[in-house]
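Subject: Structure for you to look at

Hello,

Here is the structure I promised. Please open it alongside the notes below.

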Amino acid sequence: MRLYNSFGPNPKVVSIFISEKDITIPLETVDLRAGENRQEVHLKRNPHGQTPTLELDDGSYLSEITAICEYLEDKYPRLPLIGSSPEEKAECRRWTRHVDLNICEPLANAYRFGEGNDFFRSRILTAPEAAPGLKAIAQDRLKWLDGQMADRRPYLCGKRFTLGDILLYCFVTFFAKVGQPINPANENVVAWIERVGQRPSTKA
């Protein structure tokens with residue numbers, strides 16, 4: 001296998017997942033700023049021009065971070081990050097989908113349409129007028145999450161550190177640096193971020 005990687009929250013998700021799994025996959029960097037992801041060589045790997053993209057042993061390619069992580073979980077079930085039972089897997093997938101749709105996507109699109117619009121408008125269709133509303137939605141959902149974590153659970157799935165935690169951590173910490181700071185009033189979320197940030201994998 002080979003992972004075509006770059007910077008940003010999506011590649012970071014897979015990097016942390018691989019580190020937590022304690023596996024090694026060769027990396028090849030795709031230069032987003034130079035537009036390498038929009039060139040024919042990479043578009044053959046990923047028609048959307050996105051990273052990360054995982055090249056499998058049979059020469060085929062797999063994109064989308066959740067699909068990549070689920071593939072790696074199936075291939076390397078030791079040190080599970082999704083679950084070892086149907087119940088554990090369902091719980092992780094529920095949280096992963098919730099944070100992806102309700103927090104990560106609004107955060108990302110608010111940046112693409114707002115602070116990052118000059119970079120993205122030549123690459124994708126952007127809607128600058130939507131940025132303030134998307135920021136408000138993300139913050140509202142983080143406030144809701146803070147209430148859910150009032151039971152002082154260590155991670156989204158209780159004592160288990162999972163893909164849901166990795167996904168949320170990568171997005172909230174990345175976009176906090178580019179116009180969407182973390183509200184300190186969300187004390188449970190802040191404590192969770194600090195807790196996750198102490199894991200060695202987050203330095204991957």
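**Pockets and a helix pair**

Helix 1 and helix 7 each supply at least two residues of the second largest pocket's lining. (Helices are DSSP runs of H or I, at least four residues, numbered from the N terminus. On a 1 Å grid over the protein atoms alone, a pocket is an open set with protein on both sides within 12 Å along at least five of seven lines; lining residues have an atom within 4 Å of a point.)

This is a predicted model: local features need pLDDT of at least 70, side-chain atom pairs count only at pLDDT 80 or more, and totals for chains, interfaces and linings use all residues. Residues are numbered from 1 along each chain as its sequence is written, and side-chain values use heavy atoms, leaving out hydrogens and water.

Gly8, Pro9, Lys12 and Thr202 are among its lining residues. Helix 7 gives the largest share, four residues.

How do helix 1 and helix 7 pack? Residues 9-21 meet residues 163-176 at an angle of about 140°, with axes 9 Å apart. (Axes are lines fitted to C-alpha atoms over the stretch in contact; angles run from 0 to 180 degrees between N-to-C directions.)

The largest pocket has a volume of about 920 Å³. Of its 35 lining residues, the closest to its centre are Asn10, Gln50, Thr51, Arg112 and Phe120. Helix 4 gives the most to that lining, six residues.

Best wishes

Key: 1 Å grid on protein atoms, 1.4 Å probe; cavity = no way out; pocket = protein on both sides within 12 Å on 5 of 7 lines; lining within 4 Å. Points joined across faces, edges and corners; volume = space filled by probe spheres on them.
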